[in-house]
Amino acid sequence: MLELLGQLQDRSQFFNLFNYITFRTGGAMFTAMIIAFAIGAPFIHWLRKKQGKGQPIREDGPQGHLLTKKGTPTMGGLIILISLGISSLLWSDLDNPYVWAVLIVTIGFGAIGFVDDFAKVTKQHHGGLSARLRLAFEFTIAMVAVVAMLVAEWVATTPGQTHDIAGFWSALMAADPLTAVALPFVNGWGVQLLAFYIIFAMFVIVGFGNAVNLTDGLDGLAIVPVMIAAGTFGLICYLVGRVDYSTYLGIPHVAGVSELATLLGALLGASLGFLWYNAPPARVFMGDTGSLAMGGLLGAVAVATKHEIVLAIVGGLFVLETLSVMLQVAVFKRTGKRLFLMAPVHHHFEKLGWQEPTIVIRFWIISVIFAMAGLATLKLR
């Protein structure tokens with residue numbers, strides 16, 4: 001599409017707007033939102049017919065869920081993926097390797113989540129794919145995406161050189177920005193991981209995908225923090241991809257990653273459309289189809305922009321939810337007692353008697369605070 005519009009620039013200055021990432025990001029957001037609005041209602045109707053009883057509700061969860069959420073269809077994440085995918089293909093520069101690397105993670109993780117959701121609905125049991133099989137697929141997809149992004153960065157920073165496997169391996173083993181992890185509040189590059197960076201980046205993508213998945217337990221709880229993180233990283237992508245801004249701020253510059261702002265714009269728009277149907281009381285759940293895909297997308301963008309640590313700040317809510325599960329398991333195994341009434345921590349507050357809308361809105365506020373803290377790291381260096 002961009003090539004066609006480029007040919008029309010000679011006829012009208014209007015088409016020159018499509019050269020600007022900011023314009024295309026807005027276009028991607030608006031397009032994805034309209035698509036999500038348009039397909040949402042008929043798609044939910046189709047899911048209800050196909051799924052019958054809807055997503056199985058855990059009997060060991062909050063008892064109120066057995067009454068308020070029973071019969072609600074799942075796999076609503078497909079609304080987000082379809083809207084995001086179409087919009088990204090229309091508005092993004094498809095010659096950009098980072099776009100394809102992030103889309104590989106998004107679609108791949110979405111496919112894993114879809115199989116998991118399908119198994120749950122078919123068996124009418126909350127257990128889907130085995131954890132080992134699911135993680136094996138996730139790490140494989142993450143590895144492909146990480147290597148693709150590293151190769152793209154290596155080629156861009158070494159013009160005129162011979163690019164082969166031996167040269168790539170040498171670059172991984174050299175003290176090079178290619179495999180360095182930037183630290184918040186520190187100018188330039190931080191910790192050098194060499195070839196171990198690939199493993200680190202894989203854990204970032206897989207870990208954040210599952211962190212968003214753990215957070216998706218109440219109506220609207222995960223989708224708005226995802227939107228907040230997407231908006232924040234859209235700005236980060238734009239700044240990191242610009243030499244002038246990245247130099248001024250003292251943050252790593254990665255050529256080409258500003259194009260990922262269009263994907264994040266599409267994610268933001270698709271999420272807005274989905275939230276229309278997911279707002280309490282939800283007419284549809286995104287399921288693992290949506291939560292894994294969106295978390296993986298954000299993790300992949302963080303790796304592409306070299307802002308993996310900042311992602312842990314911007315997505316602090318997801319980190320806290322994951323830590324609550326880890327601490328609950330660790331304490332219970334060691335002492336036989338529970339640290340929280342129920343994990344993830346949003347269920348703990350349900351057990352304390354907090355109303356669902358209260359928990360959701362307060363967690364949204366926490367997400368905004370984390371996002372502002374993450375943005376502060378760009379300047380305070």
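Buried means under 20% relative accessible area, exposed means over 50%, and partly exposed covers the range in between, with a 1.4 Å probe and protein chains only. The model is predicted, so local features need pLDDT of at least 70 and side-chain atom pairs count only at pLDDT 80 or more, while totals for chains, interfaces and linings use all residues. Residues are numbered from 1 along each chain as its sequence is written, and side-chain values use heavy atoms, with hydrogens and water left out.

**Figure 1. Overview of the protein chain.** The chain has 16 helices and two strands; these are DSSP runs numbered from the N terminus, with helices being H or I of at least four residues and strands being E of at least two. Of its 381 residues, 51% count as buried. Contact means heavy atoms within 4.5 Å. Among contacts between residues at least 6 apart in sequence, 73% join residues at least 24 apart. The accessible surface comes to about 17300 Å², and 69% of this belongs to carbon and sulfur atoms. Accessible areas come from the Shrake-Rupley method with a 1.4 Å probe, and for residues only the protein chains shown count as cover.

**Figure 2. Helix α14 and its packing partners.** Helix α14 covers residues 316–335, which is 20 residues. From its first C-alpha to its last, α14 reaches 27 Å, close to the 28 Å expected at 1.5 Å a residue; the expected span is 1.5 Å times one less than the number of residues. Buried residues in α14 are G316, L317, F318, E321, T322, S324 and Q328. These buried residues pack against α8 (197–215), α9 (223–241), α13 (308–314), α15 (345–351) and α16 (356–379). After α14 comes G336, with a positive phi near 80°.

**Figure 3. T262 in helix α11.** T262 lies in helix α11, residues 260–278. T262 has a relative accessible area of 0% and is therefore buried. Apart from its neighbours within four places in sequence, T262 is in contact with I21, R24, T25, A28, W91 and S92.

**Figure 4. Aromatic pairs.** Rings of Phe, Tyr and Trp (its six-membered ring) pair if their centres lie within 6.5 Å; planes under 30 degrees apart count as stacked, over 60 as edge-to-face and the rest as tilted. A search of the whole structure finds 11 aromatic pairs. One of them is the tilted pair of F43 and W46, at 5.8 Å centre to centre with 35° between the planes. F43 and W46 both belong to helix α2 (residues 21–51) and are three residues apart, about one turn of the helix. F43 is buried at 15% relative accessibility, whereas W46 is partly exposed with a relative accessible area of 43%. Y238 and Y245 form another tilted pair, with 6.1 Å between centres and 45° between the planes. Y238 is partly exposed at 23% relative accessibility, and Y245 is partly exposed with a relative accessible area of 34%.

**Figure 5. A ring cluster and two arginines over rings.** F349, W354 and F363 are linked into a cluster by ring pairs. A charge sits over a ring if NZ of Lys or CZ of Arg is within 6 Å of the ring centre and within 35 degrees of the ring normal. R362 lies over the face of W354, at 4.8 Å from the ring centre. R338 lies over the face of F332, at 5.1 Å from the ring centre.

**Figure 6. Salt bridges around D116.** A salt bridge is a side-chain nitrogen of Lys or Arg within 4 Å of a carboxyl oxygen of Asp or Glu. By this rule the count comes to eight. D116 and K120 meet in one of these salt bridges, at 3.6 Å from N to O. Both residues lie in helix α5 (residues 97–123), four residues apart, about one turn of the helix. D116 and K120 are both buried. D116 also forms a salt bridge with R134, at 2.7 Å from N to O. D116 lies in helix α5 and R134 in helix α6 (residues 131–157), so this pair ties together parts that are 18 residues apart in sequence. R134 is buried, as is D116.

Figure 7. R242 forms a salt bridge with D244, and the closest N and O atoms are 2.7 Å apart. R242 is partly exposed at 28% relative accessibility, and D244 is partly exposed with a relative accessible area of 41%. Elsewhere, salt bridges that share partners join D116, K120, R134, E138 and D288 into one network.
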